[in-house]
Amino acid sequence: MSNLIELINAELPQFQCGRCETPGCRPYAEEIINGSPHNRCVPGGQETADKISKILNANKLLLDHDYGPEIKPQVAYIVEEDCIGCTKCIDACPVDAINGAANLMHNVINDLCTGCELCIDPCPVDCIELIEVSEEQSLKIRKDSDHFFQLKNELLQRKNKKTKLNKSISENLDIANTINQKLSNRNLDKEKLIKKLQAEMLDSQRVEKHMNASDIEELKKQL
Ligand code: SF4
Ligand code: SF4
Ligand code: SF4
């Protein structure tokens, strides 16, 4: 089963655009295995749908253009002087191709941007443009997008886990108990770790030139 998912995913164009009504190419490959029609990837075109028919040993289906339109080979470009640093585009990007922090100017990492267009609509000041690139360049970027798509999803899952901590006091207590149980089951020499940390902190004082080397060595001996 997972092999079939890999085979199908390898034929999908890896824009991670969500037009097939799944969050990205790999989830669509999984949906196909679970019975969804395999003709919904308009950016991949009829050729992709036909290749998937072959993998599934199923009848050919005509591309369903309701899931369109196509996507050109392109990358996003942020007009930096207009950006208000709202971070909405970062949340929308399926492959984490946007750099920036709240209230600061953002920019696109060209080598990661699949040109999926998902950041365009959320931008409140319309400062994201799309720039056409060669088919070759677009293919090169999309070749690795599955990796970055999965990384982004892992980050989101961790973020959701963190949000869960704020849901209710009783839930928080349960979670805290589980965490404490996990910690107490660990076989760590905490005293040794604390000393190691203190030594590292003293060494960093040397790097930052806040203390001289002999004082640092003297303090380390006392740990
Ligand atoms: S390219 Fe877009 S429409 Fe095609 S499978 Fe990937 S996410 Fe779906
Ligand atoms: S920067 Fe915009 S166009 Fe590029 S991958 Fe991210 S969301 Fe898609
Ligand atoms: S959504 Fe637009 S304004 Fe907001 S950070 Fe991104 S580029 Fe800047």
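Which of the 14 residues around ligand 1 come nearest? The legends below, which describe a predicted model, begin with this site.

Figure 1. F15, C17, C20, C25 and C41 come nearest among the 14 residues around ligand 1. The shell comprises nine nonpolar residues, four polar residues and one charged residue.

**Figure 2. Surroundings of ligand 2.** Ligand 2 is surrounded by 14 residues, of which A76, C93, C113, C116 and C119 are the closest. Sorted by class, eleven residues of this shell are nonpolar, two are polar and one is charged.

**Figure 3. Surroundings of ligand 3.** The shell of ligand 3 consists of 15 residues, with C83, C86, K88, C89 and C123 as the closest. Ten residues of the shell are nonpolar, four are polar and one is charged.

**Figure 4. Division of the protein chain into domains.** Domain 1 spans residues 2-67 and domain 2 spans 74-143, while domain 3 covers 146-185 and domain 4 covers 190-221. A distance of 57 Å separates the C-alpha centres of domain 1 and domain 4.

**Figure 5. The two faces of helix α5.** Helix α5 is formed by residues 135-143, and its buried residues are S138, I141 and R142. Viewed down the axis of α5, these buried residues lie within an arc of 95° and therefore line one face of the helix. The exposed residues E136, K140 and K143 are carried on the face of α5 turned away from the buried side.

**Figure 6. The cis peptide bond between G68 and P69.** Most peptide bonds are trans. The bond joining G68 and P69 is cis, with omega of about 0°. P69 belongs to the loop that runs between α3 (45-56) and β1 (74-78).

Figure 7. Most residues other than glycine have a negative phi. E21, which is not a glycine, has a positive phi of about 65°. This residue is located in the loop between α1 (2-11) and α2 (25-33). E21 counts as exposed because it has 12 C-beta neighbours inside 10 Å, and a residue is classed as exposed at 12 or fewer.

Figure 8. E117 is placed in the loop between β3 (107-108) and β4 (128-132). Is E117 buried or partly exposed? With 19 other C-beta atoms within 10 Å, E117 is partly exposed, since a buried residue requires 20 or more.

Technical notes:
Residues are numbered from 1 along each chain as its sequence is written. Chains are lettered from A and ligands numbered from 1 in the order in which they are written. This is a predicted model: local features need pLDDT of at least 70, side-chain atom pairs count only at pLDDT 80 or more; totals for chains, interfaces and linings use all residues. A residue is near a molecule or strand if its C-beta atom, placed from the backbone, lies within 6 Å of it. Ala, Val, Leu, Ile, Met, Phe, Trp, Tyr, Cys and Pro count as nonpolar, Asp, Glu, Lys and Arg as charged, and the others, Gly among them, as polar. Domain bounds come from an automatic or database domain assignment. Helices (H or I, at least four residues) and strands (E, at least two) are DSSP runs, numbered from the N terminus. The arc is that of the directions from the helix axis to the C-beta atoms.
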